[in-house]
Amino acid sequence: MKRSFYKHLLALVLLATCLSGRAEQPAEVDAEHPLCPQTLNIPARPEIFVPLKPGEIHMTADDADLEEGGISVLRGNVEITRDRQQVSAETITFDQAENDADLEGNVEYWDDAIYLSGESAHIEFNQENGEFENAYYMIKDNRGRGNADKLFHQYGKQTKLENVDYTTCDPEDNFWRFSAEKIDLNHEENWGSARNVFLHIKDIPVLYTPYISFPLSKERKTGFLIPSFGNTNRNGVEVLTPFYWNIAPDKDATITPRLMSDSGLMLMGQFRYLLDRGEGELNAEFLPSDSQFEDEDRSFLSFTHRQDFLDTGRVFMTYNRVSDKQYFEDFGNNIGVTSTRYLERRADAFYSGNWWNLRGRVQDYQTVDNTIPVNLRPYKRLPQVIFNAYPITGNRRINLRLESEFTYFDRGDNDIFFNDTNGARVDLYPSVSYPIHTPYSFFIPKAGVRYTQYSLNDEGGFKPSPSRTLPIVSLDSGLFFERQGRLFNREYIHTLEPRLYYLYIPHDDQTDLPIFDTGLYNFSFDSLFRENRFSGPDRLGDANQVTVAITSRFIDGRTGREAGYVSLGQIYYLRDREVHLPTLQEREEASSPLVAEVGLSLEHWRFRNTLQWDPNNDRTEQLVTALQYNPGPDKVINIGYRKRRTSNSISAGFARTDIEQTEMSFVWPLTNKWRVVGNWDYSLPEERTVDAFAGLEYESCCWGFRAVARRFITDSSGDYNTGVFLQLELKGLAGIGEKTVEFLEENISGYKRGF
């Protein structure tokens with residue numbers, strides 16, 4: 001296997017490097033270095049001070065021998081202009097009858113696409129072409145430049161060069177160039193090709209290819225992208241050689257062979273398309289006979305589509321499938337992916353009118369780990385229909401609202417050890433409110449009735465048609481106070497916003513109702529004002545409670561932007577809560593945890609903090625702190641800490657894990673071309689690193705380089721995956737793969753490609 005792997009590796013690298021042009025992805029734009037102009041420093045055109053008609057020729061010179069209708073000789077600072085073409089030379093012999101010219105000495109030529117210079121040239125103005133000897137050229141759209149023994153140029157159409165070299169580097173930074181027997185530049189199609197090519201890195205020939213193609217602009221083009229290299233402890237040496245296929249302006253595909261020395265050759269593909277008001281993407285991966293997995297075939301498939309229709313309609317579809325439960329552990333790139341337990345398959349259709357909206361949905365999941373019992377897997381929704389209406393709305397008037405849902409739940413075949421419950425659920429919630437809003441206050445009384453009806457099979461021990469009807473009464477109110485002030489020598493508006501919220505729902509024994517899709521919301525500041533503490537209609541929490549909260553904001557008086565805020569709130573229970581989930585017994589206390597949120601945005605600093613403190617047990621249940629320092633577009637430091645403790649209220653049947661982690665990530669320039677990137681997530685109770693990587697990036701007008709070393713936990717057992725990944729970009733010749741860039745953007749808040 002090893003010998004075969006390295007043969008494949010050599011073949012793929014040579015193929016990708018030799019045949020590739022830059023093949024940019026749709027909607028991707030090369031990041032420009034701030035020190036790099038989009039074009040090279042092309043000498044300025046001669047200035048023309050007289051208006052010219054189309055096709056008219058204008059000539060100037062220090063001295064001239066003119067012959068009407070014949071051959072004229074111009075000497076000293078000679079300049080000729082015709083439309084968008086301009087030439088200059090020490091001596092020009094102009095044939096008026098043929099409308100062409102021979103140029104000698106310091107010849108320069110300008111048009112919209114190219115700049116040329118040389119010792120001699122022949123220009124045919126009628127044919128709009130010219131031939132140059134020992135020419136130097138500069139392409140305007142892509143910074144390409146070089147020298148050629150012979151050069152033929154046809155204005156706006158093509159340029160042909162012989163015994164030529166080519167690079168996009170600045171003259172003082174010749175990191176790479178290729179020399180070729182011939183180069184053809186098609187200015188109409190914005191592409192170039194070369195034959196018998198040697199690639200030179202720092203004047204050292206490193207590669208030969210009989211043919212290469214490359215772009216003359218940033219438009220997408222079919223071809224190989226630059227390979228990506230890596231090494232991981234699970235898959236061994238890896239090389240990815242993506243091939244980009246620009247099928248049409250609205251369609252493209254990327255086919256990527258991923259060669260892994262310890263597993264084999266995986267084929268990865270991505271197809272993307274645009275429709276009228278819609279778009280979609282298909283991703284597929286296939287690894288035949290994985291030698292690390294008992295020679296079994298392994299695969300992954302993902303499809304998404306989004307479509308708008310009529311004026312307010314939307315359709316969304318997604319389908320995902322994986323061959324085995326260890327696939328993401330072996331080939332995923334972070335613990336969030338490697339711990340995936342379910343893959344969603346869903347189709348949604350949404351439409352809204354002036355006072356209503358309707359959503360239809362069918363939803364299913366693939367259970368990645370087949371050892372998970374049937375009764376712990378999510379239900380299918382076949383289908384779900386949600387209808388909401390709000391026919392009357394407005395301030396100081398009666399507001400009417402209806403929230404309704406019909407869903408049929410099915411979990412497929414029953415487990416032989418578990419009698420499952422399937423069936424339909426109808427949930428209706430009409431409500432009426434009378435909001436009163438003023439510039440300094442709001443007052444919103446609201447009342448409604450929630451009715452839930454089931455139609456069940458008889459497998460789960462429930463009655464065939466249980467139901468529940470409960471009233472819901474709430475009163476929400478708040479005040480707004482503000483004053484002008486100064487802080488750090490700046491004008492600010494300081495607000496004080498107290499809020500009082502009352503909720504009443506009578507108790508009803510709901511143990512005769514099944515649990516299809518209902519859980520307990522994570523507690524947060526928003527939870528203080530929710531009508532139902534449960535996430536679905538299967539349980540409606542009983543309540544007789546008051547929420548007291550206050551928020552204070554600092555608003556920049558010049559920009560109107562929020563510079564900082566502090567929020568504090570708590571629920572006071574006027575009676576014990578009696579409605580619970582079967583696996584969760586909530587703690588009976590006189591009050592909820594105290595929730596505090598703090599945010600600050602000043603100059604280059606961003607600070608966010610969330611605290612949940614339980615006064616009944618005098619302990620912190622949750623703490624999340626995030627600090628970002630961002631003094632420039634390429635300078636970011638993020639520091640975070642998060643802590644979550646298992647609540648005393650949960651029973652042994654409800655699994656929840658304590659978490660206490662620190663997080664740090666950064667991107668920082670070392671010079672104007674070099675920068676470092678990194679991330680470190682550390683678990684304090686286990687005293688071990690969860691995820692860490694560090695990398696080095698180089699980027700200039702001419703070339704780019706990225707190296708990242710990473711180590712992260714792949715599963716709950718604590719196994720690590722370690723790898724090193726390298727990428728190289730030759731600007732204007734081969735595009736860098738986007739996967740590493742996407743990874744850094746996801747893991748470093750504030751990261752941006754290019755600097």
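A three-residue hairpin joins strand β14 to strand β15. Strands here are DSSP runs of E with at least two residues, and helices are runs of H or I with at least four, both numbered from the N terminus. The model is predicted, so local features need pLDDT of at least 70 and side-chain atom pairs count only at pLDDT 80 or more, whereas totals for chains, interfaces and linings use all residues. Residues are numbered from 1 along each chain as its sequence is written, and side-chain values use heavy atoms, with hydrogens and water left out.

Strand β14 covers residues 228-232. Its covered face holds Ser228, Gly230 and Thr232, while Phe229 and Asn231 make up the uncovered one. Two strands count as paired if DSSP finds at least two bridges between them. Strand β15 (residues 236-240) runs antiparallel to β14 and is joined to it by five bridges. Within that pairing, threonine 232 has glycine 236 of β15 as its bridge partner. Five bridges also join β14 to strand β42 (residues 720-730), again antiparallel. There, asparagine 231 is partnered with valine 724 of β42.

**The disulfide**

A disulfide is a pair of cysteine sulfur atoms within 2.5 Å. One is found in a search of the whole structure. It is formed by cysteine 169 and cysteine 702, with 1.5 Å between the sulfur atoms. Cysteine 169 is in the loop between β9 (158-166) and β10 (176-186), and cysteine 702 is in the loop between β40 (688-699) and β41 (703-713), so the pair ties together parts that are 533 residues apart in sequence. Both cysteine 169 and cysteine 702 are buried. Buried means under 20% relative accessible area, exposed over 50%, and partly exposed in between, with a 1.4 Å probe and protein chains only.

**Salt bridges**

Side chains of opposite charge can pair when their charged atoms come close. A salt bridge is counted when a side-chain nitrogen of Lys or Arg is within 4 Å of a carboxyl oxygen of Asp or Glu. By this rule there are 37 salt bridges. The table lists some of them.

| Glutamate 128 | Arginine 82 | 3.6 Å |

Glutamate 238 is buried at 3% relative accessible area, and arginine 258 is buried at 11%.

Glutamate 344 is partly exposed at 22%, and arginine 346 is buried at 19%. These two belong to a network of salt bridges that links Glu344, Arg346, Asp348, Arg359 and Arg361.

**Backbone details**

Leucine 382 and proline 383 are joined by a cis peptide bond, with omega about 0°. Proline 383 is placed in strand β24 (residues 380-392).

Asparagine 190 is not a glycine, yet its phi is positive, about 60°. This asparagine 190 sits in the loop between β10 and β11 (191-201) and is buried, at 18% relative accessibility. Leucine 310, also not a glycine, has a positive phi of about 50°. Leucine 310 is in the loop between β20 (296-309) and β21 (313-322) and is exposed, with a relative accessible area of 55%.
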